[in-house]
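Dear colleague,

I am handing over the structure below, and after it I set out what was found. Please read the notes alongside the coordinates.

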Amino acid sequence: MNDIFSRTADMPKINLNQYGQPVADDCRKFASAIGCLVRKKLPVGFNDWRAVPLGKKLEVWDNLQAFYDVDAAAKNWFMDTAAKKWKDYKADLKDKYFDEILTDEQMKERLKNILNDEDLNDLIMFWRSPEYQVS
């Protein structure tokens, strides 16, 4: 029980401005933590951020609240930041690992230690889709 109380006392406090946006020194660390959790917890196989299950997004929010003392007023800022981090991560994956001349199996081999099989299949299928080629 002492561990719970000591960890809570050591949680960084995230100060917010009147718009629910983090301010001060912890802002950068907090945004970085969002990026780490987004990469670890959210599936990249969806074509659009709005299609990512809300429950998964809220799981990331709950994880953040376990390590940061942050008011619920920051939730909208969190959702916007998480969406940007998710999109940036997907773009980064494509820039680093997608090559239209490689077979699906070759791309899967490149990404096998980064993504799970389901995300791998979904992402490769999306990258090769006519819908993606247009965008």
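How many disulfides does the structure hold? It holds zero, where a disulfide is a pair of cysteine sulfur atoms within 2.5 Å. The sulfur of Cys27 lies 15 Å from the closest cysteine sulfur, that of Cys36, which is too far for a bond. Cys27, at 22% relative accessibility, is partly exposed, and Cys36, at 31%, is likewise partly exposed; buried means under 20% relative accessible area, exposed over 50%, and partly exposed in between, with a 1.4 Å probe and protein chains only.

Please keep in mind that this is a predicted model, in which local features need pLDDT of at least 70 and side-chain atom pairs count only at pLDDT 80 or more, while totals for chains, interfaces and linings use all residues. Residues are numbered from 1 along each chain as its sequence is written, and side-chain values use heavy atoms, with hydrogens and water left out.

Turning to the rings, the whole structure has five aromatic pairs, which are rings of Phe, Tyr and Trp (its six-membered ring) with centres within 6.5 Å, counted as stacked if the planes are under 30 degrees apart, edge-to-face if over 60 and tilted for the rest. One of them joins Phe30 and Tyr68, and because the centres are 5.1 Å apart and the planes stand at 75°, this pair is edge-to-face. Both residues of the pair, Phe30 and Tyr68, are buried, and ring pairs link Phe30, Tyr68 and Trp77 into a cluster.

Best regards
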